[in-house]
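Trainee: I should like to take a close look at one pair of packed helices. Would you please describe the pair and place it in its surroundings?

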Amino acid sequence: MSAETVITPPSQVAAPPEPRRMAHGTRHRVQSRVFRIGRWVVIIGFLIATLVPFYYMLLLSVKPIESLLQNPAALWVKPSEFTLQTYVNVLSSTASGGQGFGRFLVNSGMVALASVALALLIGIPGAYAIARLPFIGRRYVSGVFLAAYLFPAILMAIPLFVGFTRLGLRGNLVGLIIVYTAQTVPVAIYMLRNYFETVPEAIEEAGLVDGLSRMGVLRQISLKLALPSIMSTGLFVFMIAWNEFLFALLFLVDRRERWTVSLGLSQLSGSVEVPTTVLMAGSVVLTLPIIIIFFATERLLTGGLTAGAEKG
Amino acid sequence: MSATVTETEQPPTRTGTTRKRVTLTQRDARLGLWLMSPTLIVVLAIVIFPLLWSILLSFQRMRLIQIGRADFFEPLTLANYQRVLGSSTFWNSLLTTFIYTFGSVVLVIFLGVLAAMAVRQPFRGRTFVRAAYLLPYVAPVVAVTYIWRTMLNPEFGIVNIIGQNLLGWDEPIPFLSQAVGHWNLFGLEIPVPTALLTVIVFEGWRYFPFAFLFLMARLAAMSDEPEEAALVDGATPWQSFRFIVLPQLMPIIGLLAVLRTIWTFNEFDDIFLLTGGAAGTNVASVQIYNYLTVQRNVGAAAAQSVIMALVLIIMLGFYLLILRRRGERV
């Protein structure tokens, strides 16, 4: 997959003899114009496809269900019909007649934050070791992680379901945190390793010469230099844990008070009792934290994920 | 041979420094293992061990009610494999999984290339557009599937409303619950797997940003020179894309195809949340979930998982073979 092998074709094709340039003139001009206009059509088409569903979600979350059923074609909300009652309903506890998403938010937040803390605590030393330290089996670690991804998550879910039931960890947020940590550590290591490798080795060696131990170097030099990337890795883990659905479903489905937001929304959307507009408010509650994090840190996140891609 | 001999003979002249070097490396190596050990423990306990246990379970008779007293030493049997391979639902779900995977991967890569090429040149608002394109990928799957289900709802969903009011559809299309629809094209009735197509389109929508992201990074790192030279030589935009840009994107496209194939083949959330596996969308992972929770047959669920993993490994093997052969030709 090296870039060198593919750069050869252009030089063969891109060198037609000079005189032919004029003959190509009109076709060239027509095509250029088509491409120039087509480009904007594509850009706007994709914008509509990506943004409209989210706009639709927001729209439905602020109108009463009667308004939706009477006039489903409306792509805006009349000021007289605008309501935030849907949000009150979805967030308040079941005891007070709501859907209990407030509780789910707390659950999701706790699970996601704990997973971030654990994944970083475990992943940072591991990533540093892979990037810098010549231990036995270093070259195979990534391969083993990769191989594990070949199997469907549900294959791991079966024994975990069995094992956690026995340990009393199923139906428990702790069990979920353990699974999320294990699932995100390889991703965290992949991202962090790239960063640790960009820290110049000379700086670390200078630290060693000045009498720091390896751990001292890791703590006082490499960690500080890699801090932005640690943040982006943490955010990425947070997003994975917050969005996760399958394991929450398998472990927590019969414990409503421990549902995560994702699980709560999926369970309630199956029943006819809760109005669509209320559940759309639930979707907004589920999506908003992710979108805020994403827009605040977009550059940081995308850079970390595609760090290897530039090389081709 | 001779080279190695001379090398082993050299060191004695500066033993002191060499020994110091070795001990430092050894200490680093030991520390490396220590730092790595939490990761190894977690991954072994939560990923590798369950995988192996799952393979064992596939050879045992095990019902969901029995898991309380399950142990590793249940008698081994091939009954689960016989049961899975002998049922027509398995073969149907395998075919559905293939169609679903192939369709989704092709669509994701096509849309990804299209989007990446469109926003390649700088323009005002490009940063916002790029971020907006990534939204389907970062948003929670439960939320986006719920939005899609609502938008495609036959009664009040906006897609069917627009289709009936503006596009002249006679009746609403039950996108997610119709197994086979008939499209009338120039008087010909063409059967179309409506729900399967819908979930493939959903996959394209949700995962094109992933391809887009990687292709953007590659495009940004590409040199302009070959294209400029081609422009001077009179190449049309299409030619310059086809013969200069696309070949340089091929390695990334190949990587994306592999990654997306693995993930789509194992995909569970999207289909489970959109259709629940109904209407001709019963892919393997949903089928496994049903074995586990509806039929409560742990052994059969494990057996089908193992079979699916094997199919995936064989597929990837073929793929690597093709890549290698191509590499030789180029």
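**A helix pair in chain A**

Mentor: Of the 312 residues in chain A, 40% are buried (a residue is buried if 20 or more other C-beta atoms, placed from the backbone, lie within 10 Å of its own, exposed if 12 or fewer, and partly exposed in between). This is a predicted model, in which local features need pLDDT of at least 70 and side-chain atom pairs count only at pLDDT 80 or more, while totals for chains, interfaces and linings use all residues. Residues are numbered from 1 along each chain as its sequence is written, and chains are lettered from A and ligands numbered from 1 in the order in which they are written.

Chain A has 15 helices and zero strands (DSSP runs numbered from the N terminus, helices being H or I with at least four residues and strands E with at least two). Among the contacts in chain A with a separation of 6 or more, 73% join residues 24 or more positions apart; two residues are in contact if their C-beta atoms, placed from the backbone, lie within 7 Å.

Now to the pair itself. Helix H6 (residues 101-132) of chain A and helix H12 (residues 227-243) of chain A have axes that come within 8 Å and cross at roughly 135° (axes are lines fitted to C-alpha atoms, for helices over the stretch in contact, and angles run from 0 to 180 degrees between N-to-C directions). H6(A) and H12(A) are therefore oblique to each other, since angles under 35 degrees count as roughly parallel, over 145 as roughly antiparallel, 65 to 115 as roughly perpendicular and the rest as oblique. On the H6(A) side, the residues that meet H12(A) include A:Ser108, A:Val111, A:Ala112 and A:Ser115; their partners in H12(A) include A:Ile230, A:Thr233, A:Gly234 and A:Trp242. By class, this contact has 11 nonpolar, four polar and no charged residues (Ala, Val, Leu, Ile, Met, Phe, Trp, Tyr, Cys and Pro count as nonpolar, Asp, Glu, Lys and Arg as charged, and the others, Gly among them, as polar).

Chain A averages a pLDDT of 80, and 87% of the residues score at least 70; pLDDT is the predictor's confidence in each residue, from 0 to 100. Over residues 1-23 of chain A, however, the pLDDT is below 50. Where pLDDT is low, the predicted coordinates should not be read in detail.

Finally, chain A has a partner: 95 residues of chain A are in contact with 90 residues of chain B. Helix H2 (residues 15-57) of chain B gives the most to the side of chain B that touches chain A, with 20 residues.
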